[in-house]
Amino acid sequence: MAVLTAPAVPLAPALPQTAGPSCSLQRSGSLWQLGIEAQELTTAIGQLAEQLEADDDDSRAQALAELEAALLAEEGNKQALAAKADATCWVIEHLRGQAAYRQQQAKRLTELSRSDASRADALEDSLVLVLTRLQPTATRFSFPNHELSSRKSQAVEIENEALLDPEWLSVKTTFSADKTAIKAALKAGQQITGAQLISRRSWRIH
């Protein structure tokens, strides 16, 4: 019996997968990098827009495809930059809140330290008063675990500084710039050597 066989038909080669236009700029997680990439995307979009005026149809089509990809990349960059900036603002607020809390804690600890030192001084004065009343000529007291000693010194006590002659007074001269007057003069157009008027912008996170 004859067997029919179909002629072998060569398989068509698989077509290569063609990828659509894409932007070569890849976003990273760094705030600085996102800012740099935003500037690069803006420059690239401007250059691609100029290429749309090319005489060659293929060049215009290629530029249009790359421009669409760059615009999509720019939109993604804006979203990533906004998210990163928002997260950075949260960190700034957290750090400032932590700084304020620690400042309050430092103030509280300073007050506690001052109070403890004052109580210690008062107790020491009471102890010395009691002991010196019992032994007025003593300059040292010994206890099982501590020793209380004294040393003699001299200090000047000013009863009324206004009654002192000028020869007993020391004069301290200090200078500070009158910024209010200088600012008014500079705004009026006056030139002042050693000073200039600068403009600043302050920022605040809400």
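Guide: What follows is about helix 1 and the parts around it. The model is predicted, so to speak of local features a pLDDT of at least 70 is needed, side-chain atom pairs count only at pLDDT 80 or more, and totals for chains, interfaces and linings use all residues. Residues are numbered from 1 along each chain as its sequence is written, and side-chain values use heavy atoms, with hydrogens and water left out.

Helix 1 covers residues 31-51, which is 21 residues, and from its first C-alpha to its last it reaches 30 Å, close to the 30 Å expected at 1.5 Å a residue (the expected span being 1.5 Å times one less than the number of residues).

In helix 1, the buried residues are Leu-34, Glu-37, Ala-38, Leu-41, Ile-45 and Leu-48. Because these residues cover an arc of only 110° around the axis, they lie on the same side of helix 1 (the arc is taken from the directions from the helix axis to the C-beta atoms). Trp-32, Gln-39 and Glu-50, on the other side of helix 1, are exposed (buried means under 20% relative accessible area, exposed over 50%, and partly exposed in between, with a 1.4 Å probe and protein chains only). In the protein chain, buried residues make up 10% of the 206 residues.

The partner of the buried residues of helix 1 is helix 2 (57-134), against which they pack (contact means heavy atoms within 4.5 Å). Helix 2 has 78 residues and reaches 113 Å from its first C-alpha to its last, close to the 116 Å expected at 1.5 Å a residue. Its buried residues include Ala-63, Leu-67, Ala-70, Glu-74, Asn-77 and Leu-131.

In strand 2 lies Glu-147, which is partly exposed, with a relative accessible area of 49%. Apart from neighbours within four places in sequence, Glu-147 is in contact with Arg-140, Phe-141 and Ser-142.

How values were computed: Helix = DSSP H or I, 4+ residues; strand = E, 2+ residues; numbered from the N terminus.
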